[in-house]
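Open the structure in your viewer and keep the selection tool ready. This tour goes stop by stop, telling you what to select and what is there.

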Amino acid sequence: MACILHIETSTNVCSVAVSEDSHVIFEQAEHGEHGAGAERLGTMVDEALSFTDNHAIPFDAVSVSCGPGSYTGLRIGVSMAKGLCYGRDLKLLAVPTLELLCVPVLLREITSPDPSHGGEAEPLLCPMLDARRMEVYSALYDRALKEVRPVGADVVTAETYKQYLDERPVYFFGNGAKKCMEVINHPNAHYIDGIEPLAKWMQPLAEKRFLQEQFEDVAYFVPFYLKDFVAIKPKNLL
């Protein structure tokens, strides 16, 4: 396996973790307002590096949450990750933030089909990141984290996810989900509170990419807001 430094700065929670051989051996998190927690990123990374250096654990890669999310937070996180990769000659891994949000939900094992809500149909996971007003970034995944609907910028109404809700249970979570549940009035809609994108949850996704050699080009890698979805970004992107 590998020793990977994980960096997550897509929301108001800034976090750093280190994993080795599928185990998280170091983690720190800082809460702030609108990405302000990222101000502590340098200190947290220094502490993670000191921890691994003191235990003589060499890094193999850096993984960074690549969005969607806060413009400022993503820029800071990606810049830090690329700097570490250049300075220490490490591989760079990119973990989509919405996919990352699904990890703690799957670990809770609360997504089994409910006969009273949708019969035997497999449930879907719908992570949401707030983009102000009734706008969110969201995607839909099955329990194997296969993308059922790609990342999109949604103005949420009662009809936005109706075609999926009519077929099966859908679990909504993330910092954009609570406000959306006020308008998504459907018996198959379920809300999960307290789900945050944290660096420690990046471990299984980053290790999978490492084993599959899905490395990013350090020189040319950019986060979500500068890539494929610029044309659909909400007007009020953080």
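**Stop 1: an aromatic pair**

Select Tyr-137. Tyr-137 is buried, at a relative accessible area of 1% (buried means under 20% relative accessible area, exposed over 50%, partly exposed in between, with a 1.4 Å probe and protein chains only).

A word on the model before moving on. It is predicted, so local features need pLDDT of at least 70 and side-chain atom pairs count only at pLDDT 80 or more, while totals for chains, interfaces and linings use all residues. Residues are numbered from 1 along each chain as its sequence is written, and side-chain values use heavy atoms, with hydrogens and water left out.

The rule takes rings of Phe, Tyr and Trp (its six-membered ring) with centres within 6.5 Å; planes under 30 degrees apart count as stacked, over 60 as edge-to-face and the rest as tilted. Tyr-137 and Phe-224 form one of these pairs, edge-to-face, at 5.0 Å centre to centre and 80 degrees between the planes. Tyr-137 sits in strand β7 and Phe-224 in the segment after α6, so the pair ties together parts 87 residues apart in sequence. Helices (H or I, at least four residues) and strands (E, at least two) are DSSP runs, numbered from the N terminus.

Next, select Phe-210 and Phe-215. Their ring centres are 5.5 Å apart and their planes stand at 75 degrees, so this pair is edge-to-face. Is Phe-210 buried or exposed? Phe-210 is buried, with a relative accessible area of 18%. Phe-215 is partly exposed, at 29%.

**Stop 2: helix α6**

Phe-210 is one of the buried residues of α6. What do the buried residues of α6 pack against? Show β1 (3-8), β2 (13-20), β3, β4 (61-65), β5 (91-95) and α3 to see their partners. Then step just past the helix: Glu-213 takes a positive phi of about 55 degrees there.

**Stop 3: where α3 meets α6**

Show α3 and α6 together. They pack at an angle of about 120 degrees, with their axes 9 Å apart. Axes are lines fitted to C-alpha atoms, for helices over the stretch in contact, and angles run from 0 to 180 degrees between N-to-C directions. That makes α3 oblique to α6 (under 35 degrees is roughly parallel, over 145 roughly antiparallel, 65 to 115 roughly perpendicular, and the rest oblique).

Which residues make the contact? Select Glu-99, Leu-100 and Val-103 of α3, then Pro-204, Leu-205 and Arg-209 of α6. Contact here means heavy atoms within 4.5 Å.

Stay on α3. Nine of its 12 residues are buried, so α3 is largely enclosed by the rest of the structure. Among them are Thr-97, Leu-98, Leu-101 and Cys-102.

**Stop 4: salt bridges**

Side chains of opposite charge can pair when their charged atoms come close. How many salt bridges does the structure hold? It holds eight, each a side-chain nitrogen of Lys or Arg within 4 Å of a carboxyl oxygen of Asp or Glu.

Select Glu-27 and Lys-200. Their side chains meet in a salt bridge at 3.8 Å, N to O. Glu-27 lies in strand β3 (residues 23-31) and Lys-200 in the loop between β10 (189-191) and α6 (203-211), so the pair ties together parts 173 residues apart in sequence. Glu-27 is partly exposed at 45%. Lys-200 is partly exposed at 26%.

Move to Arg-143 and Glu-122. Their salt bridge is 3.6 Å, N to O. Arg-143 is in the loop between β7 (135-141) and β8 (147-155), and Glu-122 in the loop between α3 (97-108) and β6 (124-130). The two are 21 residues apart. Arg-143 is partly exposed at 36%, and Glu-122 is partly exposed at 38%.

Now select Asp-154 and Arg-149. The closest N and O atoms of this salt bridge are 3.0 Å apart. Asp-154 is buried at 11%, and Arg-149 is buried at 15%.

**Last stop: strand β6**

Select Met-128, which is in strand β6. Met-128 counts as buried, at 0% relative accessibility. The C-alpha atoms of Met-128 and Gly-174 are separated by 4.9 Å, though the two are 46 residues apart along the chain.
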